[in-house]
Amino acid sequence: MNFLTNDKLVIVGAAGMIGSNMAQTALMMMLTPDICLYDPYAPGLEGVAEELRQCGMEGVNITFTSDIKEALTGAKYIVNSGGAARKAGMTREDLLKGNAAIAEEFGKNVKKYCPDVKHITVIFNPADITGLITLLYAGVKPECVTTLAALDSTRLRSELAKYFNIPADDIVNARTYGGHGEQMAVFASTTMINGKPLDEVIGTTDFPDKDWEELRQRVIQGGKNIINLRGRSSFQSPAYLSIEMIAAAMGGKPFRWPAGRYVNNDRYQHIMMATETTISKDGVTCKPIHGTPEEIAELDKSYQHLCKLRDEVIEMGVMPPISEWGKYNPYLEEKTC
């Protein structure tokens, strides 16, 4: 069987809808024959394992455990969806306190049981903050940790495709940056529609300013819309995109969308945020973000919002003050991106 790698992949939160979809997607994409499912909810976890085994896929070894030590020992790749789910009326930020504590415990367990992990993708909300907490306590290099940010960019592409009634593939480089939340920065200048820059279409009779602003809001509220329609938060799209991310880290095809990455440069300091990236076997690297002055100002606001969330977590005592981060992860003191 032609798998990308034989290394161990752990799906954290595998008893949930996102986690179980991630596991099935990873198996269907033939990432590795060694997949371990972890979740503290043992009955649901066993049910997921039974279903996957009953698919009759060839060449795979599906294991499951509710023991975090057993799950993480020997792990080289991890995708974590193991936080509380977003419910109706909640924002991603409403999940901050509980999921921050979960991320702290997870990061410490990574450091204890699999310090030589190659890549971790964190997707439970607010992903920018839970990913940052994981990175701090895991003690790994920033290149080793990504967070799910692509879902906002794919929603931008989807909304544009619906508006113009064209195939989604005719829309190229749809991009949102900054926070994976309602303070995201939606970029028009990067996006091409049938080879034409989107910002040249906005404000014309084909796409009045009012329609663009309404579409932006639909993108920003995309997760809330799924909850209203389905009665639960998104699970298929985050599951698929996160497995595409880990596949790229395993040496698979390049990931096509922005990813959340630790950023510490002259403009943005000590934060995890959506930026233009490349994910490969060497980890996640950043590319420059190009936009109009107005878009960069919007990105600055998104960064400031993330800083407030980060500082809230510090006030909670989940993370130490930034000045002490080097004691936990010396890599975070270095300039990057």
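This is a predicted model: local features need pLDDT of at least 70, side-chain atom pairs count only at pLDDT 80 or more; totals for chains, interfaces and linings use all residues.
1. Overall dimensions. The chain has 337 residues and a radius of gyration of 19 Å, which agrees with the value near 20 Å that a compact globule of that length would have. Along the principal axes, the C-alpha atoms fill a box of roughly 60 × 50 × 40 Å.

2. Secondary structure and contacts. Twelve helices and 15 strands are found in the chain. Taking contacts between residues at least 6 apart in sequence, 74% join residues at least 24 apart.

3. Burial and surface. Of the 337 residues, 55% are buried.

4. In soluble globular proteins, nonpolar side chains tend to be buried together. Here the largest nonpolar core has 50 residues, and the members that touch the most others are Val 10, Ile 78, Val 110, Ile 133 and Met 319. Helix H11, residues 293-316, gives the most to this core, with eight residues. Another core, of 37 residues, lies apart from it; Met 22, Leu 151, Ile 246 and Ala 247 are among its members.

5. Surroundings of Ile 133. Leaving aside neighbours within four places in sequence, Ile 133 is in contact with Ala 100, Ala 103, Glu 104, Val 313, Val 318 and Met 319. One of these, Met 319, is also listed with Ile 133 among the core residues that touch the most other members.

6. Aromatic pairs. The structure holds seven aromatic pairs. In one of them, the rings of Tyr 163 and Phe 164 have centres 5.0 Å apart and planes at 75 degrees; the angle is over 60 degrees, so the pair is edge-to-face. Tyr 163 is partly exposed at 28% relative accessible area, and Phe 164 is partly exposed at 21%. Tyr 177 is buried, with a relative accessible area of 3%, and Phe 187 is buried at 0%.

7. Aromatic cluster and a charge over a ring. Tyr 163 and Phe 164 belong to one aromatic cluster together with Phe 207 and Trp 212. Elsewhere, the charged end of Lys 108 sits over the ring of Tyr 137, at 5.0 Å from the ring centre.

8. Glu 244. This residue is in helix H10, residues 236-249. Its relative accessibility is 4%, below the 20% cut-off, so Glu 244 counts as buried. Not counting residues up to four places away in sequence, Glu 244 touches Lys 253, Phe 255 and Arg 256.

9. Gln 183. With a relative accessible area of 40%, Gln 183 is partly exposed. Not counting residues up to four places away in sequence, Gln 183 touches Ser 302 and His 305. The C-alpha atoms of Gln 183 and Gln 304 are 9.4 Å apart in space, although the two residues are 121 apart in sequence.

Notes
Residues are numbered from 1 along each chain as its sequence is written. Side-chain values use heavy atoms; hydrogens and water are left out. Rings of Phe, Tyr and Trp (its six-membered ring) pair if their centres lie within 6.5 Å; planes under 30 degrees apart count as stacked, over 60 as edge-to-face and the rest as tilted. Buried means under 20% relative accessible area, exposed over 50%, partly exposed in between (1.4 Å probe, protein chains only). A charge sits over a ring if NZ of Lys or CZ of Arg is within 6 Å of the ring centre and within 35 degrees of the ring normal. Helices (H or I, at least four residues) and strands (E, at least two) are DSSP runs, numbered from the N terminus. Contact means heavy atoms within 4.5 Å. The radius of gyration is taken over C-alpha atoms; the globule rule is 2.2 Å times the number of residues to the power 0.38. A nonpolar core is a set of buried Ala, Val, Leu, Ile, Met, Phe, Trp, Tyr and Cys residues joined through side-chain atoms within 4.5 Å.
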